[in-house]
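Hello,

Here is the structure I said I would pass on. My notes on it follow below; please read them with the model open.

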Amino acid sequence: MTDVILTGTGLYTPPSAITNDELVTCFNIWVRAENKRNHAAIEAGENQPLPESCSAFIEKASGIRSRYVMDKEGILDPERMLPRIPERNNDEPSVQCEMAVTAAKDAFGQARLSADDIDGVIVACSNMQRPYPAVAVEVQHFLGTSGFAFDMNVACSSATFGLQVASDMIRSGSARRILMVNPEICTGHLNFRDRDSHFIFGDACTAVVLESADVARTEGWKVRGTRLWTSFSNNIRNNAGFLNRAAEEGLGARDKLFVQNGRKVFKEVCPQVAKQITEHLGDSGIPVSDVSRLWLHQANLAMNQLISKKVFGREARPEEAPVILDEYANTSSAGSVIAFHKHSQGMKAGSKGVLCSFGAGYSIGSVILEKR
Ligand code: CO8
């Protein structure tokens with residue numbers, strides 16, 4: 001079977017950013033207005049006043065300082081607190097398609113490819129803006145790639161799961177070159193009025209090109225192995241779906257947006273991620289001492305410090321577990337790929353690293369890469 005090579009990555013970063021202070025200011029204006037509106041019930045002890053949010057808590061608990069978003073104005077309007085992303089005519093590219101095409105072209109440049117070299121497109125992310133036609137088929141159309149295209153969703157682990165699917169297809173000969181893209185508009189399914197999570201997510205899109213070694217035009221990174229793991233949990237959940245309209249009683253309820261039990265996720269996922277990376281390396285005959293990078297999912301700084309410490313058996317140096325969540329926040333499946341895209345340049349041939357995502361499902365995906 002042929003070797004699979006990662007020859008290019010690409011990134012689309014939305015033009016606007018929101019700092020913690022900006023987000024918290026808006027949240028607290030809304031909290032004060034709500035408390036004023038409910039003044040009588042609060043005074044009568046029937047309602048608890050809503051607590052305010054705080055930038056210092058956000059940075060300490062998560063490591064996040066800022067996030068890029070598709071629409072800043074709508075999110076920071078206390079009367080609205082969600083992005084305004086106007087509907088488009090069916091003849092125009094959809095928003096996710098547009099993000100994906102930009103990131104894909106960036107990746108094609110690195111891989112020295114043009115769209116007509118690609119055999120298949122996978123759009124892998126936490127939420128598609130419509131059920132059908134698949135966003136991937138639209139991306140195929142607007143890029144001008146041939147072959148096939150399909151969508152898949154494994155929440156935050158969508159990219160690594162997509163990379164395993166693409167690798168397996170290339171190894172088995174059903175495609176020679178695959179584009180895998182992750183257009184994440186997390187702000188579209190985040191409840192900006194939930195104090196526990198309003199700061200967690202941002203928007204971005206990443207793209208990865210995988211090729212069979214015999215057609216690759218650049219050295220790139222050899223995919224030494226991929227491994228996936230899932231185990232059902234309700235600790236990260238979103239109940240939005242096509243059956244909502246058949247159950248009117250639930251329309252507009254909190255569970256139709258992102259909800260999580262962050263503490264439990266932290267506790268339950270970290271040891272499992274460290275175990276997976278360690279076992280995956282061991283089974284691939286790669287000593288941990290040979291690993292110079294962990295490009296981890298970007299949800300929480302303390303989580304990544306704990307995982308890398310468990311894997312390395314010591315604190316990781318900053319360059320060994322690069323952080324982008326301070327600037328981007330959690331961009332779901334795009335996060336670990338952004339870390340790779342921004343922190344894999346100039347590494348020597350033979351350097352090894354693990355790209356690893358984790359999140360809802362629960363789901364974990366690890367991809368071992370070796371620089372050629
Ligand atoms: N401001 C001030 N105080 C706050 C705030 C706030 N905004 N929020 C909570 N607090 C308070 C709480 O009330 C609590 O107070 P008290 O101790 O008096 O009860 C205190 O701070 C501590 O609260 P927590 O225990 O909740 O705080 P943590 O230290 O656990 O930090 C985190 C919260 C940051 C959420 C942390 O638990 C975390 O990051 N956990 C891991 C989460 C994770 O990795 N999730 C993965 C989800 S992503 C995924 O799978 C993809 C889903 C699909 C994408 C969805 C897009 C929208």
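Which residues does N300 touch, not counting residues up to four places away in sequence? They are A61, S62, F266 and L325, where contact means heavy atoms within 4.5 Å.

Before the rest, some ground rules. This is a predicted model, in which local features need pLDDT of at least 70 and side-chain atom pairs count only at pLDDT 80 or more, while totals for chains, interfaces and linings use all residues. Residues are numbered from 1 along each chain as its sequence is written, and side-chain values use heavy atoms, with hydrogens and water left out.

N300 and its loop

N300 sits in the loop between β11 and α9. Helices (H or I, at least four residues) and strands (E, at least two) are DSSP runs, numbered from the N terminus. N300 counts as buried because its relative accessibility is 11%; buried means under 20% relative accessible area, exposed over 50%, and partly exposed in between, with a 1.4 Å probe and protein chains only. A polar atom of the N300 side chain lies 2.8 Å from the backbone oxygen of A61, and one lies 2.8 Å from the backbone nitrogen of A302.

The ligand

N300 is also among the residues that come nearest to the ligand, together with S53, C156, Q260 and A360, out of 28 residues around it. A residue is near a molecule or strand here if one of its heavy atoms lies within 4 Å of it. Both α3 (55-62) and α8 supply at least two residues of this shell, and α8 has the largest share, three residues.

- R195: a polar backbone atom is 2.9 Å from a ligand nitrogen.
- G262: a polar backbone atom is 3.1 Å from a ligand nitrogen.
- A360: a backbone N or O atom is 2.7 Å from a ligand oxygen.

On its own the ligand has 1200 Å² of accessible area, and the protein covers 76% of that. Accessible areas come from the Shrake-Rupley method with a 1.4 Å probe; for residues, only the protein chains shown count as cover.

Cores

The largest nonpolar core has 43 residues, and V273, I277, L294, I307, C356 and F358 have the most contacts inside it. Such a core is a set of buried Ala, Val, Leu, Ile, Met, Phe, Trp, Tyr and Cys residues joined through side-chain atoms within 4.5 Å. Elements giving two or more residues to this core include α1 (20-37), α8 (262-283), β11 (291-296) and α9 (301-312). The most come from α8, with seven residues. Not counting residues up to four places away in sequence, L294 touches I277, S308, V311, F312, E320, A321, P322 and V354. A second, separate core of 34 residues includes L6, L11, I338 and L355.

Cysteines

Zero disulfides turn up in a search of the whole structure, a disulfide being a pair of cysteine sulfur atoms within 2.5 Å. For C356, the nearest cysteine sulfur is that of C270, 11 Å away. C356 counts as buried at 0% relative accessibility, and C156 does at 10%.

R314

R314 is in the loop between α9 and α10 (325-328) and is partly exposed, with a relative accessible area of 34%. Its side chain makes a polar contact with that of E320 at 2.9 Å. A polar contact is a pair of N or O atoms within 3.5 Å; within protein, one must be able to donate a hydrogen and the other to accept it, and residues adjacent in sequence count only if both atoms are side-chain atoms.

Regards
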